[in-house]
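This report covers the strands, the sheets and the helix packing of one structure. Please keep the sequence and the model in view while reading.

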Amino acid sequence: MLFKNDKAARAQHQAVRENAGWYRWTHDLVEVRGKDAEKFLDRLFVGAITRTPVGRTKYTTMLNEDGKIIDDTIVMHMEEDCYRVSTLYAPQFIKWADAHKDGAAVSCEDITKNVDMYAVQGPRSLEIMNSLLAAPVDELKRFAVADNQIGDIAVHIHRSGFTGELGYEVYCRIEDTQAVEDAIRAACEKFSAPELTVLEVYVRSLPVEKGFALRQDMYGLTPYECGLDWSVSLDKDFIGKEALVKAKEDGPRYRLVGLEYLAESYEDIAQKETVYRYGVPCGFVRAAIYGYTVEKNIGFAVIEAKKAVVGERVTVGSNDSPAVITGKCWL
């Protein structure tokens, strides 16, 4: 829970918005290998993995047979017949993938304990990376990954992040992590870019202001109900496609929307708290956080589609905390 007067959280949040900051990320990584890796992943995800060349990455979602989101990931095409899937739920992903191999020549290995990742985020992140790396990354496009070095240490640099700012991710072998961290810390200190130590800043307050949702916010909804229409490739087959096409034809039952909490404090609001419209339940909360750039208590909620009207006043929880429905992005 973050509060308006949390000085440490505010300073770290604003450092990323105005300058830069760095942190060690805590996601899982699954390596998918084999001659059928491409077509296998193309069937697991709604995005067109077959149109993702080596050195490029793709944000996409994974659905169950009912056409509902069960995970959202970054799929990285590392080399021929080799991909890495960035997820917060590696064991669940591998269990699902194994159940849908259907004889495909492919292996899925959780390599989370073998690979570490650091993120450098913010307007000055490019300057920091160029001062840190053996080769400049000025030409590295968003959602591209490339080999590089920090000193004599081999790393992968991914132009991406979860803050809505210019940013880069540094992947290294776990045995190199201390040397990489020391180098990143020293480079960032020269630019007065702090380490982010408040988890909710880089997992919630920074992303939510920019409209970036977590898997737990979207779980059980269709991509269309989350505003992810652009990510769906209906010109190919994937698990859940038949149900998703029908859901698209029927129209959304729910919408993932933004909420601005109008009370000074939101500490009584938790995930799954009921949202009421004129005293009648119409949805539930998925996130509540303080946004230090927009100076508002904000978050996400799942609302019945016909009642998900931007500007509509609602109340949240048994204490009738006032809120208003908004778009999902504040910046």
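## Crossing of helix 4 and helix 5

Helix 4 passes helix 5 in a right-handed crossing. A crossing is right-handed if the near helix is turned clockwise from the far one by less than a right angle, and left-handed if anticlockwise. The contact involves Ile 128, Ser 131 and Leu 132 of helix 4, with Ala 183, Ile 184, Ala 187 and Cys 188 of helix 5. Contact means heavy atoms within 4.5 Å. By class, this contact has six nonpolar residues, one polar and no charged. Ala, Val, Leu, Ile, Met, Phe, Trp, Tyr, Cys and Pro count as nonpolar, Asp, Glu, Lys and Arg as charged, and the others, Gly among them, as polar.

Helix 4 spans residues 125–132 and helix 5 spans residues 177–189. They pack at an angle of about 125°, with their axes 9 Å apart. Helix 4 and helix 5 are therefore oblique to each other. Angles under 35 degrees count as roughly parallel, over 145 as roughly antiparallel, 65 to 115 as roughly perpendicular and the rest as oblique. Axes are lines fitted to C-alpha atoms, for helices over the stretch in contact, and angles run from 0 to 180 degrees between N-to-C directions.

## Basis of the model

This is a predicted model: local features need pLDDT of at least 70, side-chain atom pairs count only at pLDDT 80 or more, and totals for chains, interfaces and linings use all residues. Residues are numbered from 1 along each chain as its sequence is written, and side-chain values use heavy atoms, with hydrogens and water left out. Helices (H or I, at least four residues) and strands (E, at least two) are DSSP runs, numbered from the N terminus.

## Crossing of helix 1 and helix 6

Helix 1 covers residues 7–18. The axes of helix 1 and helix 6 come within 11 Å and cross at roughly 55°. That makes helix 1 oblique to helix 6. The crossing of helix 1 and helix 6 is right-handed.

Helix 1 contributes Ala 9, Gln 12, His 13, Val 16 and Arg 17 to the contact. Helix 6 contributes Val 201, Ser 205, Leu 206 and Glu 209. By class, the contact of helix 1 with helix 6 has four nonpolar, three polar and two charged residues.

## The closed barrel

Six strands form a closed barrel, in the order 11-14-13-12-15-16, with antiparallel pairing. Two strands pair if DSSP finds at least two bridges between them. The twist averages 40° from one strand to the next.

Strand 13 (residues 280–291) and strand 14 (residues 296–304) run antiparallel and are joined by eight bridges. Ile 289 has Ile 298 of strand 14 as its bridge partner. Helix 6 (residues 199–209) lies across strand 13 and strand 14, at about 115° to strand 13.

Another sheet is open and has five strands in the order 3-4-5-2-6, with antiparallel pairing. Its edge strands are strand 3 (57–63) and strand 6 (107–110), each pairing on one side only. Neighbouring strands of this sheet are turned by 30° against each other on average, direction ignored.

Strand 2 (residues 28–33) is joined to strand 5 (residues 82–87) by six bridges. Val 30 stands opposite Val 85 in strand 5, and Asp 28 stands opposite Thr 87 there. Strand 2 also pairs with strand 6, antiparallel, over four bridges. Glu 31 has Glu 109 of strand 6 as its bridge partner. Five of the six residues of strand 2 are buried, so strand 2 is largely enclosed by the rest of the structure. Buried means under 20% relative accessible area, exposed over 50%, partly exposed in between (1.4 Å probe, protein chains only). Helix 3 (residues 90–99) lies across strand 2, strand 3, strand 4 (69–79), strand 5 and strand 6, at about 25° to strand 2.

Strand 7 (residues 115–121) is mostly covered, with seven of its seven residues buried. Val 115, Met 117, Ala 119 and Gln 121 point one way, and Asp 116, Tyr 118 and Val 120 the other.

Four bridges join strand 7 to strand 1 (residues 21–24), and the two run antiparallel. Trp 22 has Val 120 as its bridge partner. Seven bridges join strand 7 to strand 10 (residues 167–173), also antiparallel. Here Met 117 is partnered with Tyr 171.
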